Amino acid sequence: MGNIVLSLLVDNTSGVLSRVSGLFSRRGYNIDSVTVGETENPAYSRMTVAVSGDEASLIQIKKQLNKLEDVVNIVELEPGKSVCRELVLVKVKASPSERKDIISVADIFRANIVDVSKESVIIELTGTTIKCEAFLRLLDGHEIVELVRTGLTGLIRG
């Protein structure tokens, strides 16, 4: 089993996300993460799709995506040749005695405290998937109240 991250330039029209995700579901492929947003040209959106599967399935996915009318271009975001990031927002229960420890973990990862209340803190972290997972593992001893991850987004270097 392998995984790839695909950057798709697609027409910025309604239903594109549905058509792309429909292609995956009809063929029994699972999407690990998907992000989409308008590009510098409002006529197009960039869709970043992380998928896993055997080599034959991954080749087939690219071929099927190329057949979609809305897909203008597909690029595989290879490690070392691209920059991929993900955003994590995590709300952690933080009594006054726990707060210092939680903030220390956030500082190590260069995360930002974006909200503080009497019972919790919300931490924002941007980084690679590996960095985000390592950060969450270090918070394991604390009670995570809520967690949200954006999924990967990325561009080719240079």
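Is Lys 93 buried, partly exposed or exposed? Lys 93 is partly exposed, at 41% relative accessibility, where buried means under 20% relative accessible area, exposed over 50% and partly exposed in between, with a 1.4 Å probe and protein chains only.

1. The model is predicted, so local features need pLDDT of at least 70 and side-chain atom pairs count only at pLDDT 80 or more, while totals for chains, interfaces and linings use all residues. Residues are numbered from 1 along each chain as its sequence is written, and side-chain values use heavy atoms, with hydrogens and water left out.

2. A salt bridge is taken as a side-chain nitrogen of Lys or Arg within 4 Å of a carboxyl oxygen of Asp or Glu, and by this rule there are 7 salt bridges.

3. One of them joins Lys 93 to Glu 143, at 3.8 Å from N to O. Lys 93 belongs to strand E5, whereas Glu 143 sits in the loop between helix H4 (129-138) and E8, 50 residues apart; helices (H or I, at least four residues) and strands (E, at least two) are DSSP runs, numbered from the N terminus. Glu 143 is partly exposed, at 47% relative accessibility.

4. Glu 86, Glu 133 and Arg 149 make up a network of salt bridges. Between Arg 149 and Glu 86 the closest N and O atoms are 2.8 Å apart, and this pair links strand E8 (residues 144-149) with strand E5 (residues 82-93) across 63 residues. Between Glu 133 and Arg 149 the corresponding distance is 3.9 Å; Glu 133 lies in helix H4 and Arg 149 in strand E8, so the pair ties together parts 16 residues apart in sequence.
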